[in-house]
Structures are given as C-alpha cells and as structure tokens.
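Me: I have a complex open here and want to go through it with you. Can we take it piece by piece?

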Amino acid sequence: MSNRLEVHNLSLSYSGHRVLNDLSFDVRANEILAIIGPAQSGKSSLLRCLNRTIDFIPQASMSGRVLLDGTVVSGKTDLDVLRRRIGMVSPLPVGLPLSIFENVAFAPRCAGVSSRTEIAETVERCLRRAVLWDEVKDRLSLPGTQLSGGQQQRLTLARALSHNPEILCLDEFSIAIDPVTTMRIEEVLRELRPELSIILVTNLTQQARRLGDRTMFLLNGEIVELGPTDKIFSGVVQDPRTADYINGNFG
Amino acid sequence: MSRFLVTPQVAAKIRQERIAHSVLALILVSILIPLLAIVAYLFWRAAPALSLDFLLSSPTLGMREGGVWPAFVGTLYLVTISLAVAAPLGILAAVYLTEYARENWFNKAINLAVLNLAGVPSIVHALFGLGAFVYGARIGFSVLSASLTLAIMTMPVIIASTRQALLSVPHSYREASWNLGASRWQTIRRIVLPNSISGILTGIILQVSRAAGETAPIMFTGAVFYKAIKPGTLFPYALDEQCMALSMHLYTLSTQTPGVDESIPNATAVLLLLLVFSVNSVAIAIRMLLRSRVR
C-alpha cells in the first residue's frame, strides 16, 4: 500500500509553548487512521497543520515536513489548492450562512466551476453520499442553519466531499450529534474508504476500535503508539499508558 | 402543586419585573418626545413658507423671498461626491485592517489613529481641508474641495463602523470557508461581506446625515452665502465652482441676514430633514433588498 500523506518531524508551538513534539507518521491510501487521546493532546492542532489552516493563527509556529503524494506542502505552496485536496469536518457543525444547496456548491464555485448542471450534479452526489439527500431534496433553498444538528453535520460532510478530497479529516464529528446519526456517518466512512484516506480524530475509543484500520494514541503532543487497531486494542500493548487510556483509567 | 403558589418572593419578583418594564418604557417615551416635538415645531413654524415653489426657486431680495433650490442641489452634490469617495475607500480600508493586516504595533497604531480621527471636531477637518485641498492641492474654494473635506471627516467613522460590522461575522464561518479551499478574497466576498452589509450600510447612513448637516467643513472650503444658478437645472454646479448648501444657508439665514421671516429658515431646516430622511430611506431599502438576496 502506498503512502498518501507523510509527516516528518512535525513540531508546533503556540507563542513558545510546545503543542506537537517531533511527530513522524504516514497515512496510507484507502485506510482509516484513527487518532485518539485526551483533551489538549494536540489532535486538532495536528489536523490544522495538515491543511495549513494553522497559518491563520498568528502565534503558531510550525516546523517539519508534510508530503502529500510525495510533494512537500509544508513550505510555501498554493494553499487554496492544498485545502481542496484535504476535506475537513469540524467538531461542531458550522453551516455557512447560505442555503443548503449553496453550502455544498460553495467549494466548486470557489474552484471556478460555473456550469450549472455540473454544480447541481455535484451537490446531489455529495448530499446522497452523506445520506442527507432524501431529507432535504425538496428544500434545497432553505438556509443550511435551519437544519437539525445531526443534519447540519451531514451537510458539512457533504460539503467536505464536494471538492473531491484525497484525504478526509474528521475532528470529533460525533461530539454534538445523536448516536443514530453517528452510526450513519460511520457507515458512510466505511463506504468512502475505497476511494480516499480518512483521518478520524475521536474522543471515543470505541469509535476508533470500530472504524480504524490503524490507531494512533497521541498524548501531550507525542505519539505514544501507532499500529493496527486490533493490536492496539488487543490488551497486549507495549505501552502501559495506552492500556490505561483505553481502559478508562485516565483521560 | 404547592410549588406553583404565588409566594411573597414570587410576588416581589413580579413586582420588580413590572417596575423595570415601566421604567424602560418611560425612558423610550422620553427619547421619542423631544424628537417628535422638534419635528412638529419645525413643521408648524415652516408651514407658511413651505411649498413646492419654495423648493424649486432661488432666493431673492437678499434671501428675504424665494426658495432654496441652489442650496438643496448643493447639499445633494456635497453628500453624493463625499460619500462616493469616503464609502469605497473606508470599506476597503476596514476590510484590509480586519481581514488582511497582521496584529502588530503598526496596525494597532493605525486603528488607534482611525478611532481618534473619528472623534476630531469638524472644524479641525475644515482647517485641514482648507490647507490640503483649497491651497495645498490648489483645487480652490469649490464643490470638490468641500466634498473631499467632508469625505475626510466621514471616512474614519465609516472605517470604524465597518470594522465592527466585519468583526461581528463569526470566525468559524471564515475557517469553514478556508477549509473548503476558498481564498481570503473569496471568503470575504462570498461570506464576510454579505453577512455584514447591513451593519456597514447602517454606519454609512449615519454619515449621510452628518455630511448633510455639518456647516464648518464646507464653509471654509467651498460653500458660499449666495450663488445664482439657472432655475430648475439639475446639474447647475461644476466641480471647480463654489456652491450653496442647506446647512450653510440655514446658518446665514438665521445669523447673518436681518429682516428674514422666520418661516424661511424653518422651512429650510424641514427640507434638510426631509433630504436626510429620504436618503436614509433609500439606503434602508437597499439594505433590505441585499438582506433578502442573502437569504
């Protein structure tokens, strides 16, 4: 299996305070990489480094190399193009103040797609993928913010898929939604796996266990353990801290 | 069901609620009464002179007869030109300061300067306009000098109010937009501006009233006591000519001209009010139109 994303010696600090310490790992094609770890361990910051939204935080300074398909993206690069290759779903659904249709059409429009039929096709395909189409197909012109929390999260998933990302990052997507919707989105992620790579940051160790091909345990900005999920959860773990976290002894 | 009984504490709470309600209503009324009183008084005093003819004719007999058309058109000129300069520049400056500029001492100093400029008295802007435009740039006493002076006066306030409107758009919208591969400018144009446009327009509307009402900045730079124009012409002034203005006219009528019937200055004030009201109504209509398009 080839590596889609390679991270070498990635470090990050906010005004001198270290958040990520010398991380090196890779994300393979068509795998779900689950990242678990307690709050403040740097999970969200790591995702921000990958799609470089970290650049918008003035006090952050990042070092190390990130390669997407063998191309370095950590230096000066066309960031808008990079962000189109990486999809991002945030913990709390942020419906843009636009209609349901325009929420999903936003990325294609920004990328310069002007054909109406092409945009309409993209919107329908992405909403179907995110199992939201049947619920909203009759009211696509309503504001996206009028949907329920679970629907909005599926809307942001559809939106993240609308620019055909090669890597999909989800940052604790289930934190604000109901268990049924969570299960449906997990199902969608399994279906998406043959097409792209998924990085799933989660607070729920069971979710990592259900979905992850590999699991990374991040603690205080360092990788404690990274390996096949069944090995991490098998109980014969190498690092006692991982066992403690998984068994709920801390975190 | 005892928890739903009106205990003394609950009764006290209801009483306090009622007192607060009446106090607030009283404050509202006390704000409205002076406004209505001023408008009613003006109309009552102006009634003998008010007519369409008063609006459309020039003053005659040393301001003691005739109408205010040259001043009315002059004010329209000044407000339009000054806003055409100040609004785009002010909005762009605010967008730069809010969306692009990094937080460093230089930009903090600029912000502070803008806020301070917004509080500078208009007579100071007048002197600056006199020095910079009339003499410095050699534009002379003219419509253009006066308009530019008004623009300098209104721009800092437009920048400050536009900044507030831009900052009221949640940061999470910008992040979501960036995550979708939108550039900074696409994010501003598609997300930030449409969601702050009503706040931006509100700030500009307030400056329309200010530009129309100020006397000092135009008195030094381009407005005159009397200027003859052809009656009924729509564009009577050239940019390098001096002009009359309603605020200036009102000032000269009430302080510099003896023997004027008091209905004439009052009618002039009424027209100034109506002009500001109608410009504001247009802006409010535009705002509502834009808002319905965003939805």
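Reply: One definition before the rest: domain bounds here come from an automatic or database domain assignment. Also, this is a predicted model.

Me: OK, then how is chain B divided?
Reply: Chain B is divided into domain 1, residues 2-46, and domain 2, residues 52-294. The centres of domain 1 and domain 2 of chain B, taken over C-alpha atoms, are separated by 35 Å.

Me: How many residues of each are in contact?
Reply: In chain B, four residues of domain 1 are in contact with seven residues of domain 2. The domain 1 side of that contact has three nonpolar residues, no polar ones and one charged one.

Me: What radius of gyration does chain B have, and what would a compact globule have?
Reply: Chain B has 24 Å, whereas a compact globule of 295 residues would be near 19 Å. The C-alpha trace of chain B spans about 80 × 55 × 35 Å along its principal axes.

Me: And how much of chain B is buried?
Reply: Buried residues account for 39% of the 295 residues in chain B. Taking contacts in chain B between residues at least 6 apart in sequence, 77% join residues at least 24 apart.

Me: How many helices and strands in chain B?
Reply: Chain B has 11 helices and two strands. Along the sequence the pattern is α-α-β-β-α-α-α-α-α-α-α-α-α.

Me: Where is confidence lowest in chain B, and where highest?
Reply: Confidence in chain B is lowest in strand 2, residues 65-66, with a mean of 72. It is highest in helix 6 of chain B, residues 143-167, at 93. Over the chain, mean pLDDT is 86, and 96% of the residues of chain B reach 70 or more.

Me: What does the predictor give for the complex?
Reply: An ipTM of 0.85 and a pTM of 0.81.

Me: On to the interface. How many residues of chain A are in contact with chain B?
Reply: 18 residues of chain A are in contact with 17 residues of chain B. Helix 2 and helix 3 (100-110) of chain A each supply at least two residues of the chain A side. By class, that side of chain A has 11 nonpolar, three polar and four charged residues.

Me: I'm looking at helix 7 of chain B. Which residues are buried there?
Reply: In helix 7 of chain B, residues 171-179, the buried ones are Arg174(B), Ala176(B), Ser177(B), Trp178(B) and Asn179(B).

Me: What do those buried residues pack against?
Reply: In chain A they pack against helix 2 (79-85) and strand 6 (86-89), and in chain B against helix 8 (184-213). Just after helix 7 of chain B, Gly181(B) has a positive phi of about 85°.

Me: Switching to chain A. In what order do the strands of the open sheet come?
Reply: The order is 2-1-4-5 in chain A, four strands with antiparallel pairing. Strand 2 (17-28) and strand 5 (71-72) of chain A are the edges, each pairing on one side only.

Me: How many bridges join strand 1 to strand 4 in chain A?
Reply: Eight bridges join strand 1, residues 3-14, to strand 4, residues 60-68, in chain A. Among the pairs, Ser13(A) is opposite Ser61(A), and His8(A) has Arg65(A) as its bridge partner.

Me: And strand 4 to strand 5?
Reply: Two bridges join strand 4 and strand 5 of chain A, which run antiparallel. Leu67(A) stands opposite Val72(A). The two strands form a hairpin with two residues between them, and Asp69(A) in the turn has a positive phi of about 50°.

Me: Last one: strand 9 of chain A. Why is it largely enclosed?
Reply: Strand 9 of chain A, residues 214-219, is largely enclosed by the rest of the structure because six of its six residues are buried. Arg214(A), Met216(A) and Leu218(A) are on one side, with Thr215(A), Phe217(A) and Leu219(A) on the other. In a regular strand, side chains alternate between the two faces of the sheet.

Me: What does strand 9 pair with?
Reply: Strand 9 of chain A pairs in the parallel sense with strand 3 (residues 32-36) over four bridges, and Ile35(A) has Met216(A) as its bridge partner. Strand 9 of chain A also pairs with strand 10 (residues 222-228) in the antiparallel sense, over six bridges. There Phe217(A) stands opposite Glu225(A). The hairpin of strand 9 and strand 10 of chain A has two residues between the strands, and Asn220(A) takes a positive phi near 50°.

Conventions. Residues numbered from 1 in each chain as written. Chains lettered and ligands numbered in written order. Pairing = 2+ DSSP bridges. Buried ≥ 20, exposed ≤ 12 C-beta atoms within 10 Å, placed from the backbone. Contact = placed C-beta atoms within 7 Å. pLDDT = per-residue confidence, 0-100. Nonpolar A, V, L, I, M, F, W, Y, C, P; charged D, E, K, R; others polar. Rg over C-alpha atoms; globule rule 2.2 N^0.38 Å.
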